[in-house]
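Here is a short briefing on one protein model. Keep the structure open while reading the points below.

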Amino acid sequence: MIETKRLKLYAASREQMEAFIAAQSVDVLKAAYTEMLNGCLAHPEQWEWYAIWMIELKDGTHVGELCFKGLSEDGTAEIGYGIAEDHQGCGYATEAVSALVDWAFKQPHATCVTAETEESNIASQRVLQKSGFIPTGETGEEGPLYVRKKDK
């Protein structure tokens with residue numbers, strides 16, 4: 001568990017992930033979360049690098065999720081995140097992304113975290129920039145690519 005000033009972040013267990021997937025009504029999200037669970041089951045030694053990370057307020061209110069998409073051999077991990085609509089605009093995404101990237105860089109072999117966001121998603125781009133990510137000028141499958149490298 002990672003705690004910040006206002007948030008608690010934790011990698012969900014298999015049971016928590018299965019329940020979360022079952023509760024999803026959006027097919028795209030259900031498929032993405034199922035892919036994360038499958039990654040966890042295929043790589044149990046790297047659970048945190050594939051799991052759904054829950055974002056909760058200190059009082060236990062669920063406000064969103066984060067995830068990595070595995071950790072590559074060269075130490076790169078891609079991060080994704082989302083905050084529930086009624087909790088957006090409060091700085092939770094920046095606080096959570098910053099904390100999880102800091103956690104990542106304390107792990108062995110992690111050297112770089114990347115993120116992609118839709119070109120029109122200015123709020124997400126601001127989250128990344130406030131969290132120390134720099135645009136690369138490249139475009140990935142989901143939009144502009146941002147990168148944050150571990151300090152030497």
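His109 is exposed, with a relative accessible area of 67%. His109 sits in the loop between H3 and S6. The model is predicted, and the backbone at His109 has a positive phi of about 80° although the residue is not a glycine. Most residues other than glycine have a negative phi.

**Confidence**
- The mean pLDDT of the protein is 94.
- Of its residues, 99% reach 70 or more.
- Among the elements, strand S2 (residues 7-11) has the highest mean pLDDT, at 97.
- Strand S7 (residues 134-140) has the lowest, at 90.

**Helix H4 and its cover**
- Helix H4 spans residues 122-130, and its buried residues are Ser124, Gln125, Val127 and Leu128.
- Viewed down the axis of H4, these buried residues fall within an arc of 155°, so they line one face of the helix.
- An α-helix has 3.6 residues a turn, so residues three or four places apart point the same way.
- The cover over the buried residues of H4 includes helix H3 (92-105).
- Strands S5 (76-83), S6 (112-116) and S8 (143-149) are also among the elements that cover them.
- Gly132 follows H4, and its phi is positive, near 90°.

**Val97 in helix H3**
- Is Val97 buried or exposed? Val97 is buried, with a relative accessible area of 0%.
- Val97 belongs to helix H3.
- Leaving aside residues up to four places away in sequence, Val97 touches Leu66, Ile79, Tyr81, Val127, Ser131 and Phe133.
- One of these contacts, Val127, is also one of the buried residues of H4.

**A nonpolar surface patch**
- Val26, Val28 and Leu29 make a nonpolar surface patch of about 250 Å².
- Val28 lies in helix H2 (residues 27-42).
- Val28 is exposed, with a relative accessible area of 65%.

**Points to locate in the view**
- For a positive phi, look at His109 and at Gly132 after H4.
- For a buried side, look at the face of H4 lined by its buried residues.

Conventions. Residues numbered from 1 in each chain as written. Predicted model: local features only at pLDDT ≥ 70, side-chain atom pairs only at ≥ 80, totals over all residues. Heavy atoms only, no water. pLDDT = per-residue confidence, 0-100. Helix = DSSP H or I, 4+ residues; strand = E, 2+ residues; numbered from the N terminus. Buried < 20%, exposed > 50% of the residue type's maximum accessible area, 1.4 Å probe, protein only. Arc of directions from axis to C-beta. Contact = heavy atoms within 4.5 Å. Patch = residues over 30% accessible without salt bridge, like charges linked within 9 Å, V, L, I, M, F, W, Y side chains within 5 Å. Areas by Shrake-Rupley, 256 points an atom, 1.4 Å probe, with all protein chains shown as cover. Salt bridge = Lys/Arg side-chain N within 4 Å of Asp/Glu carboxyl O.
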